[in-house]
Amino acid sequence: MNMIFLGPPGAGKGTMAQLLMVDEKIPQISTGDMLRQAMKAGTEMGLSAKRYIEAGELVPDEVVIGIVKDRLQADDCKNGYILDGFPRTVPQAEALGQFAKIDVALNIDLADEVIIKRLSGRRVCLKCGATYHTSTLNGSETCAACGEPLVQRKDDAPETVKNRLAVYAAQTAPLIAYYEKKGVLKTVKCEPHATVQENYAQVRKVLELA
Ligand code: AP5
């Protein structure tokens, strides 16, 4: 199944995609992770993306479209994939439609006040992309998967999160109607106090996975 995970920053797209990737044996393709890896490696693309990401703005369409188009050619995408954080604008969705067939666009919906709480406690591993929350780390500061130190993303600062939510509302939320018109939209409404495993069970149910 070729899937898109839509939803505001912090809705849990990455967390759900990482669980599904393992269980369904299909890759999670996160444009945010790819851009952060490029920033860490200091590539030209990473350096040009940095100022957009740290301001909570979107990286230009042509940059991310090129990255995703290349990535989808890889062998591991043959049996399906999860696009996490792409597309994020109508032009990106239109471009994607030229080189991929999407079976499901899953809209993960969560209230803004929960998002702000979640993002302020998020810690990430820049090496393997694993995501954690301080509330479940029991004080640990290293990645359980690869042992690297965990960091707080610069764009998780409260003022930047506010801008990311505004950018989401203006530029990405229209994709909900876009994919609804295409007949592939499914929505998971996350309850504020649901655990990761409860949300994941909801996601599997909506995707009609056993
Ligand atoms: P990206 O990395 O894609 O960020 P995002 O979409 O803003 O989404 P997040 O990664 O912040 O959140 P998420 O929904 O994955 O939530 P998570 O699972 O981590 O993009 C970053 C930037 O890159 C963009 O702002 C832009 O500049 C650029 N970019 C990327 N793609 C682009 C594109 N296509 N076009 C242009 N620019 C692009 O969960 C959040 C926290 O909550 C975690 O701590 C997690 O542990 C916790 N959590 C999750 N579920 C639960 C639960 N049920 N209960 C408690 N805690 C939970």
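What follows is a chat about helix packing, a pocket and a few local features.

Q: Before we start, what kind of model is this?
A: It's a predicted model, where local features need pLDDT of at least 70 and side-chain atom pairs count only at pLDDT 80 or more, while totals for chains, interfaces and linings use all residues. Residues are numbered from 1 along each chain as its sequence is written, and side-chain values use heavy atoms, with hydrogens and water left out.

Q: At what angle do α2 and α3 cross?
A: Helices (H or I, at least four residues) and strands (E, at least two) are DSSP runs, numbered from the N terminus. Axes are lines fitted to C-alpha atoms, for helices over the stretch in contact, and angles run from 0 to 180 degrees between N-to-C directions. Here the axes of α2 and α3 come within 8 Å and cross at roughly 120 degrees. That makes the pair oblique, because angles under 35 degrees count as roughly parallel, over 145 as roughly antiparallel, 65 to 115 as roughly perpendicular and the rest as oblique.

Q: Is that crossing left-handed or right-handed?
A: A crossing is left-handed if the near helix is turned anticlockwise from the far one by less than a right angle, and right-handed if clockwise. α2 and α3 cross in the left-handed way.

Q: Which residues of α2 and α3 meet?
A: Contact means heavy atoms within 4.5 Å. On the α2 side look for Leu35, Ala38 and Met39; their partners in α3 include Met45, Ala49 and Ile53. For classes, Ala, Val, Leu, Ile, Met, Phe, Trp, Tyr, Cys and Pro count as nonpolar, Asp, Glu, Lys and Arg as charged, and the others, Gly among them, as polar. This contact of α2 with α3 has six nonpolar, one polar and two charged residues.

Q: And how do I read a pocket?
A: Rolling a probe the size of a water molecule over the atoms shows where empty space is left. On a 1 Å grid over the protein atoms alone, a pocket is an open set of points where a 1.4 Å probe fits, with protein on both sides within 12 Å along at least five of seven lines; lining residues have an atom within 4 Å of a point. Grid points are joined across faces, edges and corners, and a volume is the space filled by probe spheres set on the points. The second largest pocket has a volume of about 200 Å³. Helices α2 (31–41) and α3 (44–55) each supply at least two residues of its lining, which has four nonpolar, one polar and seven charged residues.

Q: How do α1 and α10 pack?
A: Their angle is about 65 degrees, with the axes 10 Å apart, and the crossing is right-handed. Among the residues that meet are Leu20 and Glu24 in α1, and Tyr200 and Arg204 in α10.

Q: What does Leu209 touch?
A: Not counting residues up to four places away in sequence, Leu209 touches Met1, Leu20, Glu24 and Arg204. Leu209 sits in the segment after α10 (196–206).
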